[in-house]
Structure formats: structure tokens, C-alpha cells
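Here are my notebook entries from a first look around this model. Come along and check each spot with me.

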Amino acid sequence: MKKRSIKKVLALGLAGAMLCGMLTACGGANGSSSAPSASSEGQAEPAAPETEKEKVVLWHLWTGVEAGYLDDAVAAYNARSDKYYVEALSVPDSQKIMVAIQSGDGPDITDDFTNNIGAYASKGIMLPLDDYIAKNNTDLSDIIPSTLEACKYEGKTYALPAGMNLMALFYNKTLLAEAGYTEPPKTMEEMYEMAVNTTKLNPDGTIDVMGYPDFPSVYYTDNFAAALGGGWYDENGKPASPDNEGNLMALKYAVMYREKFGVENVAKFGSAGKYLDPTDPFLAGKQTFRVDGNWLGANINDTFKVDVDYGCTFIPYPEGHEELKGRGIASSSMFYIPSNSKNPDGAYDFLTFICGPEGTMLQSVSHGGFPSLLSQLESDEFVNGSYNSDVFAELAASPNLFALPNVPQSTEYNTIIKEEVELALNLKQTPEQALQNIYDKGSELFK
């Protein structure tokens, strides 16, 4: 797999961003916090606005160097706009932003993650954008469809995407070659066989090399469920049937691996390493397979500069179901306008800039971020500036990519899923029992 240089990757926090347990991969809310921010919290940095321009107050979750990239985009907007100027402030605490909005003292525009749209929109916190889109003839055709869908609630558009989050299967070529494999797996059955055959044990029976992608545990089960044809929601945005084959297969393979090598051994192996750290088992060459985002390559090659011969491919589909290739969950960071914005017209003008080609290039893609625009998947900045961009670009264009439904109950439903799946993975209940409990409790929640 071709590896590419990168200036700085945007590692969007994925934990809790969608049912796959995504996002807080590394760093601050929307990125790392390894350097002082040009717009650190409590210090607004307007770009010397002309007095006749209307002010647009932007609060954002970005910190560190990523906040600096956003400042560059804000400065470009302020220089080109004759009517508005944006005053940017880093507030890396979504709860603080929410309290300020609800009290009427919030910003004109802010950012968050698409998994929160159902909760925010259902409470009237977000301004619907459809009238603005129609009035301004805003062309949304360049936005990757799944990311635009992730910005909707009950058929209305409440935000525009600022970046995309996807998961793929990373694999250690050396470990596969040692076991006699020359190609990565295409099916789940192939991957499981490879995972078992590349697992290495210490003399005391503990795991020295983990074959299965059971680290970090936050990512893999939900993404496997999606890739195998499942998912935790049905087509109506309600809890999926407990008989869903994709969900059952995702849990069964994880349980089979833990039964074979020991739940305690898997737990001990996971606790010995820290995600995106020198002790991370994939970075240390001690893990065959890994479900992760496009930022992993940058961490391997640029941040930690470790010598791991790795490749990247789609998450496997079930044997005999090649039509499911590229099936996966897309989520996004996004910008939205609070319903009580004091300058919604100016906020929308900036929104279309920061989520458009120039804004996303300045604040994200040119620094290794993943684009939410189809045109930028082929840009030199993305192709030459990101590791594994060929695989992720192909995945982003997959017709099997989908967005999770935005529902007000998403946080509570995620908690139910996490608890029941954890019981199954710890062999406290069967995968079938876990799926039935998720359905029963979820159905009660969605009444």
C-alpha cells in the first residue's frame, strides 16, 4: 500500500461520535493540542475588522495547531467579505457552548459532531438551514452524500459537514507473511482465520501478538456489524431486529476469539498498551489487524516514526456477499447556526465558506484532514498529503456508505448497546442474548 507524506493529520475524536464508538482518536475536541492555539480560550482574535462590517461570533472546539488552521480560514474569509467579519474563539467544551446558547449568550455559529444533531435539533437548539439553502441557491452537490445525510434530522438540514470520518482495516504485512499470507483478507471468514494463525502466545499462555482487531475496543464491533450488513438501527431509525445476521456475526467472531485465547488474556493485552502511544500494539508490531481511521498512518510515520510494514484495505464483508464491499458508517464534524443566533445571515455566509472548497482546504485538507467534498478527494493536497488516501477515497465514494440516523435518544441508546455488547464480549451472556436485550431496551427507549 502506497504511503504518503503529511504535514499534520486531523485526528477527530471518534469516541461517542457514532454507534461504532467513534471519535476522540487523539488530541483535543477536533484535533490535537500539541501547540498553542492562535485563538486560545478566552482570547478572541478578530482580523482587524472594518467598523462597517457586521460581526459574526464563532465559537469552536478546535485547539492547538488545528485552531491555527481555522484562524487562517477565518482570516481569508474576513479579507474577502465586504459585509461580515468573523470573530473566532476557541471554546473546547461543548457543554459550555450549549449552556451559553440556551441562556441566549452563545455564538452566531459553532461546531460539533453529527451524532449530536438529533439531540440538539429536537430541542430547538439548531437553526434549520433549508430556507437559507433555497434562498441562496446553495449548491450542495459536491458534498459526499453520506456526510450531508448525517447533517439531517427528520428530513431537514441542520448543519454542513466540515470533514469526514471513516474506518478501514489496517494490517501488519510482516505478521501475515510470517504465517504464509501474501494478501489481506477480503471476507470476515478469511480475516478470522488469519487472526487466529497470527496470534502468538507467551510461555505462560498470555498473548504476545494479538491477531484480532480487539484493540482499541471502542472501534471494531460496530464497524464490523456495519460491514457485515448489519447496524444497530433499522430502516426506520428504530432498534434493529435481534435476528440481524450482520450484528450477530460481528459479536460471534469477537466472542470466538476471546473464548479461544481467553478473555483475561485479551484484557491483559489491551491494558498493556495505550492508543496512539509508543505502547500501542499496532505501532509496536504486536497486532495483526486494526480497525482505525485515516489518521493512523500519520501517527505511524510522522508522529511516532515507527518501523511497521503495514497496509490498509476495506473492512471485510461476509463470504459470498461481495455486494457489501465498502459498507460502512460515515460521520462528520460539522458547523451549525444556533436558533437564537444574533446574526444568522452572516453566520450562514461564513458557514458556506468554511464548509466550501476554499474553507475546507485551508482549515483541513491541506493539513491532512479528510475532505467532505467529492472534488477534494482527487485534489493534490489530499492525494499527496495523506497516508492511504487511495483506499479512503475509494471508501468515501462507496455507494454502500451510510450515515446513522439522527435521533434524540442516541446517547441513551449508545449506552445500552455498549453495556450489552460488553457483557457478551466478557462471556457474561451470549451474542443472541445481547442482541435481544439491545432490542428490548432500545424499543422501550424509543416508545
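I looked up the second largest cavity and found a volume of about 90 Å³. This is a predicted model, where local features need pLDDT of at least 70 and side-chain atom pairs count only at pLDDT 80 or more, while totals for chains, interfaces and linings use all residues. Residues are numbered from 1 along each chain as its sequence is written, and side-chain values use heavy atoms, leaving out hydrogens and water.

For my notes, a cavity is a set of points, on a 1 Å grid over the protein atoms alone, where a 1.4 Å probe fits but cannot get out, and lining residues have an atom within 4 Å of a point. Points are joined across faces, edges and corners, and the volume is the space filled by probe spheres set on them. I find five cavities of 30 Å³ or more in the structure. Helices (H or I, at least four residues) and strands (E, at least two) are DSSP runs, numbered from the N terminus.

**Cores.** Next I checked the largest nonpolar core, which has 79 residues. Such a core is a set of buried Ala, Val, Leu, Ile, Met, Phe, Trp, Tyr and Cys residues joined through side-chain atoms within 4.5 Å. Buried means under 20% relative accessible area, exposed over 50%, and partly exposed in between (1.4 Å probe, protein chains only). Among the residues with the most contacts inside this core are Tyr212 and Phe289. Helix α9 gives the most to the core, with eight residues. A second, separate core of 31 residues includes Ile109 and Phe353.

**Helix α10.** Which residues of α10 (263–271) are buried? I noted Val263, Asn265, Val266, Phe269 and Gly270. The buried residues pack against β11 (207–209), α9 (245–261) and α16 (410–425), with contact meaning heavy atoms within 4.5 Å.

**Gln429.** My last stop was Gln429, in the loop between α16 and α17 (431–445). Gln429 counts as buried because its relative accessibility is 12%. Its side chain makes polar contacts with the side chains of Glu420 (2.9 Å) and Asn437 (3.0 Å). A polar contact is a pair of N or O atoms within 3.5 Å; within protein, one must be able to donate a hydrogen and the other to accept it, and residues adjacent in sequence count only if both atoms are side-chain atoms.

Technical notes
On a 1 Å grid over the protein atoms alone, a cavity is a set of points where a 1.4 Å probe fits but cannot get out, and a pocket is an open set with protein on both sides within 12 Å along at least five of seven lines; lining residues have an atom within 4 Å of a point.
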